[in-house]
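Subject: Handover of a structure

Dear colleague,

I am handing over to you the structure shown below. Please look through it before reading the notes that come after it.

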Amino acid sequence: MSPRAAARDLRGRRVVVIARRGRFAVARPLFEPGPQIRLAKGSADVKPGRMALAEIGRRGARILRPLGSPERARDVVEALMLDRGLNRGFRDRVSAEATEAATSAGEHPGRRRDLTELATFTVDPATARDFDDAVSARTEGDAVRLWIHIADVAAHVRPGSALEAEAYARANSTYVPGAVEPMLPPALSSDACSLAPGVARLAVTAEIVISGGGRPASASFYRSRIRSDARLHYDQLDEIFAGRDSPPEAVAAPLDLARRVAAALAGRRPESAVVVSGSEPEFYLARGVAAALAGRRPGSAVVVSGSEPEFYFED
């Protein structure tokens with residue numbers, strides 16, 4: 001492919017590194033192979049060896065703004081998100097709708113069951129920024145009644161709103177080392193739609209009765225209002241289940257019941273089930289170099305388990 005044809009394939013917004021070619025400055029794509037591209041008139045001033053966001057077109061690469069150093073991990077991560085077309089932050093209108101929705105949805109909850117008196121807990125990685133599912137449980141004779149709650153995001157996002165259009169365009173939250181670009185503004189993603197302990201939240205609940213033999217006896221699904229009593233994390237559960245720590249008193253009973261249900265369900269899995277053991281590696285990034293620190297949550301097998309890497313930065 002000729003350099004000119006390669007440059008055509010790169011048209012659009014790309015992250016580039018500025019370099020010198022004789023007396024002239026040129027742009028070189030950072031995250032994909034490509035030719036050096038001359039700078040267009042009206043480009044922002046960026047020093048050689050630095051990254052920049054550029055609009056690549058027929059007249060060359062027009063530098064929009066500087067992005068920092070390609071030798072600094074945090075700058076590279078930020079640049080990668082921009083290169084992949086992710087919007088950083090939200091438009092004022094979208095943020096305003098999210099702030100309004102965070103309160104108005106709670107004021108008009110519709111037909112919901114009030115489950116705020118149930119002892120409820122969440123379980124997430126220790127570094128989780130939000131909590132979108134929770135569990136409650138209680139005994140009924142030999143059976144266990146289990147409630148699984150998922151944050152009711154749809155209650156806050158109205159059809160036809162700018163908020164819905166933005167969520168549709170993003171499709172999901174995007175996680176990269178040390179950063180996240182959420183699908184919804186922080187007023188929802190980190191607050192109203194996060195099942196944080198001690199605050200009432202809107203949820204969608206699956207209520208399931210599990211028999212003593214580990215078989216589902218009944219199930220129903222509905223919208224609810226819940227309140228988490230405790231936020232637990234995986235390492236904490238390892239310590240509790242190993243007998244080296246005690247669970248929060250408010251959720252000790254439902255946590256034990258949920259564990260018993262999990263064991264009963266595991267005992268009913270067919271022998272042909274695919275069993276995969278998962279872990280959560282942590283990485284420490286210093287001067288752009290990643291080094292694995294530790295593998296977390298080893299041990300017990302699960303039916304399907306994904307790896308959730310965690311990263312730490314040192315500038």
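This is a predicted model: local features need pLDDT of at least 70, side-chain atom pairs count only at pLDDT 80 or more; totals for chains, interfaces and linings use all residues.

Residues are numbered from 1 along each chain as its sequence is written, and side-chain values use heavy atoms, with hydrogens and water left out.

Helices (H or I, at least four residues) and strands (E, at least two) are DSSP runs, numbered from the N terminus. Seven strands form an open sheet with mixed pairing, in the order E6-E13-E12-E9-E8-E7-E14; two strands pair if DSSP finds at least two bridges between them. At the edges are strand E6 (113-114) and strand E14 (230-233), each of which pairs on one side only. Strand E13 (residues 216-227) runs antiparallel to E12 and is joined to E12 by 11 bridges. Within this pair, Arg201 stands opposite Ile226 in E13.

Helix H6 (residues 234-241) packs on it, touching strand E7 (120-124) and E14, and its direction makes about 85 degrees with that of E14. Helix H7 (residues 252-267) lies across E7, strand E8 (133-140), strand E9 (143-151), E12 and E14, at about 90 degrees to E8. For these angles, axes are lines fitted to C-alpha atoms, for helices over the stretch in contact, and angles run from 0 to 180 degrees between N-to-C directions.

Thr205 belongs to strand E12 (residues 200-210). Thr205 counts as buried because its relative accessibility is 1%; buried means under 20% relative accessible area (1.4 Å probe, protein chains only). Its side chain makes polar contacts with the side chains of His149 (2.8 Å) and Ser224 (2.6 Å). A polar contact is a pair of N or O atoms within 3.5 Å; within protein, one must be able to donate a hydrogen and the other to accept it, and residues adjacent in sequence count only if both atoms are side-chain atoms.

The largest nonpolar core has 11 residues, including Phe90, Val94 and Leu163. Such a core is a set of buried Ala, Val, Leu, Ile, Met, Phe, Trp, Tyr and Cys residues joined through side-chain atoms within 4.5 Å. Helix H4 (162-170) is one of the elements that give two or more residues to this core, and H4 gives the most, with three.

Yours sincerely

Definitions and conventions:
Buried means under 20% relative accessible area, exposed over 50%, partly exposed in between (1.4 Å probe, protein chains only). Contact means heavy atoms within 4.5 Å.
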